[in-house]
Amino acid sequence: MQINPGAAEFPHRQIAAQLKAQVRRGDWAPGERLPSIPAIAEMFGVAKQTVQRAVDQLRVEGILITKPGSGTYVRGTRRRLNRLARGRYGGFRGYHTDLAARYRQQLVSVGRSPAPPEVADAFGVPDGTDLLCRRHLVRTDDSPVEVGASWFLPADTAGTSLERAEAFGRPLYQEAEEATGRRYVTATDTISARQPSREEAEILQIRPDTPVLHLLHVAYDAHRKPIEVAQATWPGPMTTLTEEYQIPAPAADPDPDPGLVLG
């Protein structure tokens with residue numbers, strides 16, 4: 001392990017590139033702890049601050065994860081973002097078994113809360129309108145991977161099970177369909193990238209400068225009226241959006257007009 005003092009690239013970027021190459025080669029497996037910052041600094045003959053900057057860069061890129069009081073580890077497999085949008089309706093409108101096996105959802109709170117602008121716009125109500133909000137946190141074995149919330153109109157949920165602070169033995173949308181008497185027919189997903197709020201960074205255990213991916217999921221009934229507006233936020237570097245789809249075959253050329261004379 002060495003750096004080139006005469007290179008145009010900053011030393012911490014050279015170190016980050018070499019550490020990344022070692023991870024890709026399998027020198028450190030997912031979940032394996034790296035040597036300490038002082039040990040890596042000694043290997044490269046640089047200051048500890050230089051190595052810390054390299055590790056910070058790889059954390060932002062989603063390659064490493066730091067556990068306070070424990071050390072720096074190679075992060076596991078990236079999470080496929082498309083599983084929590086379409087996946088919630090998978091398995092013949094039931095549990096997505098792969099999702100349930102890998103992720104644990106924890107209900108954090110249930111109650112009235114002022115609607116943020118994007119939620120208010122989706123429901124067509126003024127910003128700050130009190131709506132029913134069910135907040136949740138999703139975890140894997142090693143870390144939190146999603147912070148989210150599902151919003152409903154109080155007129156739809158008054159006196160129903162949706163107002164109770166309890167988890168259900170089935171997907172939330174099924175409980176909502178029964179409670180509201182309205183069936184989920186269509187949905188739209190809007191995905192954006194941004195910086196996390198202070199609260200999101202603390203809950204997801206990421207640096208404040210780590211970008212996040214944010215999903216706004218709006219589910220509609222047959223009359224195109226929103227039933228549920230759901231938000232989900234993921235650490236961007238550890239989340240990927242993967243889509244697989246069919247590409248249509250080329251359309252056959254139409255028969256030429258028999259009355260058309262080419263000359």
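The model is predicted. The chain contains nine helices and ten strands. Of its 263 residues, 41% count as buried. Contacts between residues 24 or more positions apart make up 59% of the contacts in the chain with a separation of 6 or more.

The largest nonpolar core has 18 residues. Those with the most contacts inside this core are Ile 15, Trp 28, Val 51, Leu 58, Leu 64 and Val 74. In soluble globular proteins, nonpolar side chains tend to be buried together.

Ile 15 shows how residues meet around the largest core. With residues up to four places away in sequence left out, Ile 15 touches Ile 3, Phe 44, Val 46, Thr 50, Val 51 and Ala 54. Val 51, like Ile 15, is listed with the most contacts inside the core.

Helix packing was examined next. Two packed helices are described by the angle between their axes and the distance between the axes. H2 and H3 pack at about 110°, and their axes lie 8 Å apart. H2 is therefore roughly perpendicular to H3. On the H2 side, the contact is made by Ile 37, Pro 38, Ile 40 and Ala 41. On the H3 side, Lys 48, Val 51, Gln 52 and Val 55 take part. By class, the contact of H2 with H3 has six nonpolar residues, one polar and one charged.

H1 also packs against H3. Here the angle is about 55°, with the axes 8 Å apart. H1 is therefore oblique to H3. The crossing of H1 past H3 is right-handed. From H1, the contact takes in Pro 11, His 12, Arg 13, Ile 15, Ala 16, Leu 19 and Lys 20. From H3, Thr 50, Val 51, Arg 53, Ala 54, Gln 57 and Leu 58 meet them. Seven nonpolar, three polar and three charged residues make up the contact of H1 with H3. Val 51 takes part in the contact of H3 with H1 and in the contact of H3 with H2. An α-helix has 3.6 residues a turn, so residues three or four places apart point the same way.

Helix H8 spans residues 172–180. Seven of its nine residues are buried, so H8 is largely enclosed by the rest of the structure. The buried residues are Leu 172, Tyr 173, Gln 174, Glu 175, Ala 176, Glu 177 and Thr 180. Gly 181 follows H8 and has a positive phi, near 75°.

Gln 205 has a phi of about 60°. Gln 205 sits in the loop between helix H9 (198–204) and strand E8 (212–220). Its relative accessible area is 48%, so Gln 205 is partly exposed. Arg 224 has a positive phi of about 65°. This residue lies in the loop between E8 and strand E9 (226–235). Arg 224 counts as partly exposed because its relative accessibility is 48%.

Two further residues illustrate approaches between separate parts of the chain. Thr 210 is in the loop between H9 and E8. Thr 210 is buried, with a relative accessible area of 5%. Thr 210 and Arg 59 are 151 residues apart in sequence, and their C-alpha atoms are 8.3 Å apart. With neighbours within four places in sequence set aside, Thr 210 is in contact with Val 60, Gln 195, Pro 196 and Pro 237.

Asp 130 belongs to strand E5 (residues 130–139). Its relative accessibility is 43%, so Asp 130 counts as partly exposed. Asp 130 and Ser 113 are 17 residues apart along the chain, and their C-alpha atoms are separated by 5.1 Å. Residues up to four places away in sequence not counted, Asp 130 touches Ser 113, Pro 114 and Pro 154.

Definitions and conventions:
Residues are numbered from 1 along each chain as its sequence is written. This is a predicted model: local features need pLDDT of at least 70, side-chain atom pairs count only at pLDDT 80 or more; totals for chains, interfaces and linings use all residues. Side-chain values use heavy atoms; hydrogens and water are left out. Buried means under 20% relative accessible area, exposed over 50%, partly exposed in between (1.4 Å probe, protein chains only). Helices (H or I, at least four residues) and strands (E, at least two) are DSSP runs, numbered from the N terminus. A nonpolar core is a set of buried Ala, Val, Leu, Ile, Met, Phe, Trp, Tyr and Cys residues joined through side-chain atoms within 4.5 Å. Contact means heavy atoms within 4.5 Å. Axes are lines fitted to C-alpha atoms, for helices over the stretch in contact, and angles run from 0 to 180 degrees between N-to-C directions. Angles under 35 degrees count as roughly parallel, over 145 as roughly antiparallel, 65 to 115 as roughly perpendicular and the rest as oblique. Ala, Val, Leu, Ile, Met, Phe, Trp, Tyr, Cys and Pro count as nonpolar, Asp, Glu, Lys and Arg as charged, and the others, Gly among them, as polar. A crossing is left-handed if the near helix is turned anticlockwise from the far one by less than a right angle, and right-handed if clockwise.
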